[in-house]
Every structure is written in structure tokens, then in C-alpha cells.
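Subject: Structure handover

Hello,

Here is the structure you asked about. My notes on it follow below.

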Amino acid sequence: MKPGSAPLKSIRLLDQVRERIRYLHYSLSTEKVYVHWVKFFVRWHGRDGPMKHPRDMGARDVEAFLTMLAVERKVSASTHNQALSAILFLYREVLDIRLPWLDDIGRPHSKKRIPSVLTRDEVAGLLAQMQGETALLARLLYGTGMRLMEGIRLRVKDVDFDRSVIIVREAKGGKDRVVMLPRSLSAALRHQMLAARAVWEADRHAQQGGVETPHALEGKYPKVGQTWGWFWMFPSPSLSTDPRTGVERRHHLFEERLHVVVYCVRGPLKRIISLRKANAREAQKYANSN
């Protein structure tokens, strides 16, 4: 193993991948994605015969797999890069293999495209059709510039109504930052906090496990996940089993909830955006012809 790395205790390959990911404090979503690609990589090479361990494969095997994804599966550049990152993680972090060909495998480059940005009226139309906590979450993201998972993972203790600020913990790059709390959302957030308080009190009365806390904090303070300050501002309506610990606990609101709501109400806006794009293309053709 490379210096500073703890020796792996697991025997099975996928368990070793999970162990190394958790040791490096990668997110659960990254763990699921990397395990998927490693499993796919191994099984694809064993499709016509006995499976080989990745340690017995080489550059041709990796390139053949990546070529299959690009040519046969026709995956996007981002998906292609995701698969490559998982394989590189497998060889470098799990198998501790440092081979020159690992650095020679090229990454596909995504095409740069002009993003389609909604106007203020279009955003207002979208938000007007949303209701409940998903509407509040959408307005919070729009008003503060927070990312989706930053808003969903918001804790009670990180909302400061007195100073009108929100502390975003472990943002991109693992850094904390402070964003302003819009005054127009203060009353709605207080109401949401009362709703979350009712859920928290019900969990405490039912003696449910506390919410997930960062890294080894729960090991040092066993009851910290049960305290009100660490509870979610947007808790899930139902309990779920933590895939890493097996503990049944209250998770935050599932991110797909907002995706589904936006998808359902974006129909009219999608037609507006398409019309605006068509008008922009016509204007560009006119400009190029003169």
C-alpha cells in the first residue's frame, strides 16, 4: 500500500473498493457509482469465459472496455470519464498498482455548449406552480445560490435567523461557506423548522436512531445525531436503513423529489425555452448572412 494508507481488511474486491472509498471519506453516491463501474468492468471481461481479476488485466483490457462504452453503448463524455475515474481509482487506490499505462489513457473532452438560462419571469412561473416544502427548497436554492444537495442536507443549527445567514457545510471541495438568507424566505423557513421539529420530537418519542453525522463524530459523541441542532431542515417523511451501517434512521429529503416536481411543471416552460432558442437561431442566421 502507498504511504499513509491503511491496509485493507476485506477479501472480496468490491468490499475492498467500498472500504477504501469510506476510508477516504468519499460520498455514498460516489461509492455506488464506483462499485457499479468496477463490477461492470470485471463482468464484461468475463462475459465469454472465466472472469479475470483486474490485477491480471492491462492497458488493452481497460481501453477495450472504454471503447465498448463509447462505440457500442454510445455513452456521453461525462459518463465515459466517470467509468475511467472508477477504474483508475481501482488500480491506484485499491490495488495499489502504479503502471505507466494508467497515465497514458486519455480522457474524452466534453463539448462546450452555451447553457440555456431561464429569465426571471420564467423562474417566477416555475416557482409559482410548485407547492409545499419542494417549493420552499427551490426558492431557497434560487435565492441563495446553494447547490441541490447543499440545500437538502441543510441542518437546523446552520440556519441563523438573527444574522440572516446560512452556513453551508462541506460544500464543493470540502470547504464551508456562508450565504445570505433572503428575508422573503425567513417566515417560510421558520415554518419549515417547526414542521421539522415535530418530526424530530416524534422520532425521539419513538426512540429512533439519530440522523447521520459527518465522519467519526458519532463515535466521539454517541448521542449527537439525536440532538435538535443536527436534525435536517428538510427531513424525509419516512425512515430508511443506512446502507453503510444498517441503522434505521431519518434521512434528509430525497433529491429526486425536487427533480420529479420540476419535471412535472416544466412542460409549458420547456415550450417557451424551445421557442426562445428557435428565435435566437433565426437571429444568428440573419446576423451571419449580413
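For angles between axes, under 35 degrees counts as roughly parallel, over 145 as roughly antiparallel, 65 to 115 as roughly perpendicular, and the rest as oblique. The axes are lines fitted to C-alpha atoms, for helices over the stretch in contact, and the angles run from 0 to 180 degrees between N-to-C directions.

This is a predicted model, in which local features need pLDDT of at least 70 and side-chain atom pairs count only at pLDDT 80 or more, while totals for chains, interfaces and linings use all residues. Residues are numbered from 1 along each chain as its sequence is written, and side-chain values use heavy atoms, with hydrogens and water left out.

Overall

The protein chain has twelve helices and five strands; these are DSSP runs numbered from the N terminus, helices being H or I of at least four residues and strands E of at least two. Of its 290 residues, 36% are buried, meaning under 20% relative accessible area with a 1.4 Å probe, protein chains only.

H2 and H3

Helix H2 (residues 28-45) and helix H3 (residues 59-71) have axes that come within 11 Å and cross at roughly 105 degrees. The two helices are therefore roughly perpendicular to each other. On the H2 side, Trp37, Phe40, Phe41, Trp44 and His45 make the contact, and they meet Asp61, Val62, Ala64, Phe65, Met68 and Leu69 of H3. Contact here means heavy atoms within 4.5 Å. By class, this contact has nine nonpolar, one polar and one charged residues. Ala, Val, Leu, Ile, Met, Phe, Trp, Tyr, Cys and Pro count as nonpolar, Asp, Glu, Lys and Arg as charged, and the others, Gly among them, as polar.

Largest pocket

A pocket is an open set of points on a 1 Å grid over the protein atoms alone, where a 1.4 Å probe fits, with protein on both sides within 12 Å along at least five of seven lines; lining residues have an atom within 4 Å of a point. The largest pocket is lined by 45 residues, and Ser27, Leu28, Arg153, Glu212 and Arg244 lie nearest its centre. Strand S4 gives the largest share of that lining, five residues. The lining divides into 15 nonpolar, 14 polar and 16 charged residues.

Gly151

Gly151 sits in helix H8 and counts as buried because its relative accessibility is 0%. Leaving aside residues up to four places away in sequence, Gly151 touches Leu137, Leu141, Met146 and Phe234.

Regards

Conventions
Buried means under 20% relative accessible area, exposed over 50%, partly exposed in between (1.4 Å probe, protein chains only).
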